[in-house]
Amino acid sequence: MGIPDLLKQYTPLIQHIHLSEFKHKTCAVDMMLWLYKGVYASLNNDILTTSTSPVKSDLYLNYPLKMLSLLKAHDITVIAVFDGKIPPAKYDEHSHRLSYKAQNITLAQQLSQIGKDDESKKVFKRTLRIKSRMINTLVDVLKKMDIDIIIAPYEADAQISYLYKTHQIDFAISEDSDLIPYGVEHIGFKLDVNGNMEYLDISKEHKEQVL
């Protein structure tokens, strides 16, 4: 989700660049964020019905696989990082999220029953969860693509930070600002299907430009 307004503080350091500038580099990707995007895209195609029912199709894989193929097409080595266990400090937050999703499932069903399908679909988007089967399916596909995979002990952000600080990657790709407080100084955001993205460089020589 990211820290509210944190990325705005680094606006002077954000560049609009193309993946071609990272040829032969290595990056880590927070795969859970791309997986969520794939699930949302599937929902828009009426692939999912309720968050408690089985997924009818593997179309949710299309988005993450398309983006990974894009990176490989530009000769960028990818390390796909997945979340592991829920950190103990976030148990309460996780329970709250589950309760919130359950409430919205009920609301979405009620709206559907009275014919408000558009409103029901909007509410239902708040209930989406990534199931372990979905993660396992994507992992199996990535293995066949010879993409390096890491299941983090806890959250993917901390694992990506470790990879960066130990010089195993040159940059990371994410969809929010969570990697910044973890000390990752080279991050790509908003990567599109054409290879364009916003790139944040917080290297030491640039830090004085912020704030």
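Visitor: In what order do the elements of the chain run from the N terminus on?

Guide: They run β-β-α-α-β-α-α-α-β-α-β-β-β. That is six helices and seven strands. Helices (H or I, at least four residues) and strands (E, at least two) are DSSP runs, numbered from the N terminus. This is a predicted model, where local features need pLDDT of at least 70, side-chain atom pairs count only at pLDDT 80 or more, and totals for chains, interfaces and linings use all residues. Residues are numbered from 1 along each chain as its sequence is written, and side-chain values use heavy atoms, with hydrogens and water left out.

Visitor: What makes methionine 31 buried?

Guide: Buried means under 20% relative accessible area, exposed over 50%, and partly exposed in between, with a 1.4 Å probe and protein chains only. Methionine 31 has a relative accessible area of 0%, so methionine 31 is buried. Methionine 31 lies in helix α1 (residues 31–44).

Visitor: Which residues does methionine 31 touch?

Guide: Contact means heavy atoms within 4.5 Å. Not counting residues up to four places away in sequence, methionine 31 touches Pro64, Leu68, Ala80, Val81, Phe82 and Leu138.

Visitor: Why is α2 called roughly parallel to α5?

Guide: Two packed helices are described by the angle between their axes and the distance between the axes. Helix α2 (residues 62–73) and helix α5 (residues 132–144) have axes that come within 11 Å and cross at roughly 25°. That makes α2 roughly parallel to α5. Angles under 35 degrees count as roughly parallel, over 145 as roughly antiparallel, 65 to 115 as roughly perpendicular and the rest as oblique. Axes are lines fitted to C-alpha atoms, for helices over the stretch in contact, and angles run from 0 to 180 degrees between N-to-C directions.

Visitor: Which residues make the contact of α2 and α5?

Guide: From α2 come Pro64, Leu65 and Leu68. From α5 come Leu138, Val141 and Leu142.

Visitor: What makes helix α6 mostly covered?

Guide: Seven of the 10 residues of α6 (residues 156–165) are buried. They are Ala156, Asp157, Gln159, Ile160, Ser161, Leu163 and Tyr164. Their cover includes β2 (26–30), β3 (77–82), β4 (148–151), β5 (171–173) and β6 (186–189). Just after α6, histidine 167 takes a positive phi of about 60°.

Visitor: How do you know whether threonine 26 is buried or exposed?

Guide: Threonine 26 has 17% relative accessibility, so threonine 26 counts as buried. Threonine 26 is found in strand β2. Leaving aside neighbours within four places in sequence, the contacts of threonine 26 include Thr77, Ile79 and Phe171.

Visitor: Why does phenylalanine 189 count as buried?

Guide: Because phenylalanine 189 has a relative accessible area of 3%, phenylalanine 189 is buried. Phenylalanine 189 sits in strand β6. Phenylalanine 189 and histidine 16 are 173 residues apart in sequence, yet 9.7 Å apart in space, C-alpha to C-alpha.

Visitor: How many residues does the chain have, and what share counts as buried?

Guide: The chain has 211 residues, and 44% of them count as buried.
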